[in-house]
Amino acid sequence: MLTEVCDPTADFVLEHLNQRGVGFWRLDPGDFPDSVDLSAGFDGSWFGELLGPLRGVELAEVRAVYFRRPSGFKTPQGLPESEAEFVRSQARHALFGILAGLPRVTWLNHPGRMADARVKPYQLAIAAQVGLSTPKTLVTNRPDDVVAFGRRVGRIVTKSLSTILYESHEGTGVLYTSEVPESDWRHPGIAATAHLFQEVVERDYEVRLTYVDGQCFAAAIVPDDPDGAVDIRAHKRAVTYREISVPSEIRTAISEMMERLGLLFGAFDFIVTPDERWMFIELNPNGQWAWIEQETGLPISAALADILEKGAVE
């Protein structure tokens with residue numbers, strides 16, 4: 001289990017593994033090399049060990065890896081940035097490269113596959129190819145094209161192309177999807193870099209669908225204020241949840257999408273329109289899910305533990 005020290009979501013899965021007697025090691029890669037040692041040799045395949053203060057693991061014994069939320073690699077204070085980046089890159093390529101090269105290992109999910117899958121223009125294309133409905137979208141740095149797009153589709157929103165954290169007086173947050181008023185369609189800041197714009201999709205409710213190795217766990221999320229912010233996350237706790245069934249055509253398309261992306265787990269966001277059409281919004285290949293399990297009772301953590309247990313015994 002590769003994750004940071006404070007990750008209560010990971011505990012849901014580890015509790016299942018404990019109850020089943022499945023051996024595991026919870027390791028934060030960010031502790032290497034301060035309190036974790038690595039020594040590995042290669043002679044056709046990797047062998048050696050990872051060793052921490054309390055325990056270690058023989059590389060040849062690893063059968064499953066859950067890549068959850070590892071912290072970043074740390075560097076000694078006072079290093080010039082060029083040297084610090086060298087230290088981080090060596091640690092990253094060594095640790096993840098050796099783990100990725102181990103035979104007969106089940107990855108949940110492989111970091112390289114996740115890196116590809118989280119790119120929004122790419123996942124939109126794959127979603128459309130497997131038959132999912134997708135919103136009309138524009139990626140541009142030309143304000144005039146935003147004006148033309150807005151006039152064609154009506155109301156538009158913008159979202160970041162990658163997850164961006166920012167600091168405020170309320171703490172660390174993410175940039176929400178937000179509606180772009182017509183007065184900002186020609187904003188000169190658009191020219192500074194690529195921006196993603198989409199049509200506003202009328203919603204009846206939203207769905208967080210957690211995919212786990214062929215299983216789809218879906219929860220409807222209904223905001224208390226239907227006329228509130230377009231991003232459901234901005235409603236905070238002013239929402240209600242309920243478990244819902246997934247139409248067979250959506251289930252089939254999602255399974256094909258995940259097979260193409262090489263992922264066993266993913267958190268999908270959909271908008272369901274008043275005419276009951278499921279509109280794909282985005283996929284987070286390492287998204288949060290514990291709060292959905294707590295709100296609905298959906299057995300997501302048990303399904304994740306099933307994958308790791310199966311990988312461990314095969």
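Predicted model: local features only at pLDDT ≥ 70, side-chain atom pairs only at ≥ 80, totals over all residues.
Author: Residues are numbered from 1 along each chain as its sequence is written, and side-chain values use heavy atoms, with hydrogens and water left out.

Reader: Why is helix 4 called oblique to helix 6?
Author: The axes of helix 4 (residues 120-129) and helix 6 (residues 248-261) cross at roughly 135° and come within 9 Å. Angles under 35 degrees count as roughly parallel, over 145 as roughly antiparallel, 65 to 115 as roughly perpendicular, and the rest as oblique. Therefore helix 4 is oblique to helix 6.

Reader: Which residues make the contact?
Author: Helix 4 supplies Y122, Q123, I126, A127 and Q129, and helix 6 supplies M257, R260 and L261. Contact means heavy atoms within 4.5 Å.

Reader: How many disulfides does the structure hold?
Author: It holds 0 disulfides. A disulfide needs a pair of cysteine sulfur atoms within 2.5 Å.

Reader: What makes C6 exposed or buried?
Author: Buried means under 20% relative accessible area, exposed over 50%, and partly exposed in between (1.4 Å probe, protein chains only). C6 has 65% relative accessibility, so C6 counts as exposed.

Reader: Why does C216 count as buried?
Author: C216 has 11% relative accessibility, so C216 counts as buried.

Reader: Why is A302 called buried?
Author: A302 has a relative accessible area of 18%, so A302 is buried. A302 lies in helix 8 (residues 300-313). A302 touches H16 and R20, not counting residues up to four places away in sequence.

Key: Axes fitted to C-alpha atoms, helices over the stretch in contact; angles between N-to-C directions. Helix = DSSP H or I, 4+ residues; strand = E, 2+ residues; numbered from the N terminus.
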